[in-house]
Amino acid sequence: MDCEGCERRVRKSVQHMRGVTQALVDPKMQKLTVIGHVDPDKVLHRVRHRTGKRADMWPFVPFDMVPHPYAPGVYDKKAPSGYVRNIYDNPQPSSLARASSEEVRYLTAFSDENTNACVVM
């Protein structure tokens with residue numbers, strides 16, 4: 001999407017589909033977000049057919065939706081901040097991606113911002 005006309009054409013191609021409540025275009029990330037109860041394959045087909053542009057599913061998900069966000073094949077330098085490559089068909093939030101309170105306590109024990117941290121270095 002290079003101009004406002006392209007953005008408008010992409011947004012209007014899906015805006016009046018049955019089940020779509022909101023269509024948001026992010027030109028910086030070249031991303032169309034469709035909110036509502038609609039089949040993703042129908043949205044892709046409609047965008048491709050009405051605009052003539054290439055359309056794919058967004059390949060990135062928030063990093064906490066993947067069990068091991070820095071594993072090979074998941075971490076991608078081209079991904080926006082806070083996102084990793086989607087390797088699952090239906091990602092679910094994972095408890096492994098977040099540090100437990102015990103891990104946080106050990107990590108902050110040696111932090112420079114912690115005034116009670118160990119001084120031995």
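In the predicted model described here, Asp26 has Lys31 of β2 as its bridge partner. β1 and β2 are antiparallel and are joined by six bridges; two strands count as paired if DSSP finds at least two bridges between them. Four residues lie between the strands of this hairpin, and within the hairpin Gln30 takes a positive phi near 55 degrees. Gln30 sits in the loop between β1 and β2, and that phi is positive in a residue other than glycine. Gln30 counts as partly exposed because its relative accessibility is 45%; buried means under 20% relative accessible area, exposed over 50%, and partly exposed in between, with a 1.4 Å probe and protein chains only.

Residues are numbered from 1 along each chain as its sequence is written, and side-chain values use heavy atoms, with hydrogens and water left out. As the model is predicted, local features need pLDDT of at least 70 and side-chain atom pairs count only at pLDDT 80 or more, while totals for chains, interfaces and linings use all residues.

Stepping back to the whole chain, its secondary structure comes to three helices and four strands, in the order α-β-β-α-β-β-α from the N terminus on. Helices (H or I, at least four residues) and strands (E, at least two) are DSSP runs, numbered from the N terminus. Of the 121 residues in the chain, 25% are buried. Among contacts with a separation of 6 or more, 36% are between residues 24 or more positions apart, where contact means heavy atoms within 4.5 Å.

Met1 is found in the segment before α1 and is buried because its relative accessible area is 17%. Met1 and Lys31 are 30 residues apart in sequence, yet their C-alpha atoms are 8.9 Å apart in space. Leaving aside neighbours within four places in sequence, the contacts of Met1 include Val25, Asp26, Gln30 and Lys31, along with Cys6, Glu7 and Val10.

The largest nonpolar core has eight residues: Val14, Met17, Val20, Ala23, Val43, Leu44, Val47 and Ala55. Such a core is a set of buried Ala, Val, Leu, Ile, Met, Phe, Trp, Tyr and Cys residues joined through side-chain atoms within 4.5 Å. β1 (20-26) and α2 each supply at least two residues of this core, and the largest share, three residues, comes from α2. Beyond its neighbours within four places in sequence, Val47 is in contact with Ser13, Val14, Leu32, Gly52, Lys53 and Ala55. Ser13 belongs to helix α1 (residues 4-15) and counts as buried because its relative accessibility is 3%.

Finally, the largest pocket holds about 1,100 Å³ of space. Of the 27 residues that line this pocket, Lys31, Leu32, Asp56, Met57 and Trp58 are the closest to its centre. β2 (31-36), α2 (40-51) and β3 (60-62) are the elements that give two or more residues to the lining, and β2 gives the most, with five. A pocket is an open set of points on a 1 Å grid over the protein atoms alone, where a 1.4 Å probe fits, with protein on both sides within 12 Å along at least five of seven lines; lining residues have an atom within 4 Å of a point. The volume is the space filled by probe spheres set on the points, which are joined across faces, edges and corners.
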